[in-house]
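Please look at the fold as a whole before turning to the points below.

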Amino acid sequence: MRHGVRLAVDVGSARIGVARSDPDGLLASPLATVTRGRGDLDALAGLAAGHDVVEIIVGLPTGLSGREGAAAAAARTFAAALAGRLAPRPVRLVDERFTTVLAHDALRQGGRDTRQRRTVVDKAAAALLLQGALDTERSTGRPAGELVTAASGAPG
C-alpha cells in the first residue's frame with residue numbers, strides 16, 4: 001500500500017462531495033462539500049494542497065451493465081480538467097456504482113431526513129468511493145481505477 005493522503009470527489013450537477021484518507025490509506029472520512037461551478041477546481045486544488053495529497057480519485061458513474069452514459073462522459077471531462085489543474089498529482093477514475101444510494105441508505109438508517117441528508121450525502125458518497133479504492137489497492141497491490149490524462153480524460 002502506497003503511503004500518503006488521498007482525496008476522492010463525487011461530482012454531481014450541483015455539488016461535489018469530498019473525502020480524505022488517513023496517510024496510511026486505511027480509512028476514508030467525509031471532508032467537505034464544494035459547490036459545482038465557477039471556482040470548484042480552485043477549491044479542490046486548495047483542499048489537495050492543504051492536505052498534501054498524493055492522489056485524487058474521481059467517481060465514474062456507470063450503469064448496472066457497466067456502460068457509460070452522459071454522466072460518465074461529464075465525469076471524464078471533469079477529471080481531465082482536474083488532472084490539468086493538479087498536475088503532477090495523479091487523478092484516477094474509479095467506478096462509483098451505488099455509492100450515493102448506499103450513502104442515502106446509511107444516513108436514513110442513522111435518522112437523517114431527506115433535507116438533512118441533502119447537505120451531507122455527497123461527501124458521504126465520496127467517503128464510500130474512497131474506501132472502496134483503498135480496499136482495492138490493499139487487496140490487489142495496485143491503485144484502483146484508471147489514470148486520467150489532462151488532455152482528454154482518457155486512460156493514461
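This is a predicted model: local features need pLDDT of at least 70, side-chain atom pairs count only at pLDDT 80 or more; totals for chains, interfaces and linings use all residues.

Two strands are said to pair if DSSP finds at least two bridges between them.

**The hairpin of β2 and β3**
- Strand β2 and strand β3, the latter made of residues 28–35, pair in the antiparallel sense, and seven bridges join them.
- Within this pairing, glycine 17 stands opposite threonine 33, which belongs to β3.
- The two strands β2 and β3 form a hairpin with six residues between them, and in the turn glycine 25 has a positive phi of about 70°.

- Several residues of α2 are buried, among them Ala75, Arg76, Phe78, Ala79 and Leu82.
- The cover over the buried residues of α2 includes the helix α1 (40–50) as well as β1, β2, β4, β5 and β6.

**Valine 58**
- Valine 58 lies in strand β4, which covers residues 55–60, and valine 58 counts as buried because its relative accessibility is 0%.
- Although valine 58 and valine 91 are 33 residues apart along the chain, their C-alpha atoms are separated by 7.1 Å.
- The residues that valine 58 touches, leaving aside those up to four places away in sequence, include Ala75, Ala79, Leu82, Val91 and Leu129.

How values were computed
Residues are numbered from 1 along each chain as its sequence is written. Side-chain values use heavy atoms; hydrogens and water are left out. Helices (H or I, at least four residues) and strands (E, at least two) are DSSP runs, numbered from the N terminus. Buried means under 20% relative accessible area, exposed over 50%, partly exposed in between (1.4 Å probe, protein chains only). Contact means heavy atoms within 4.5 Å.
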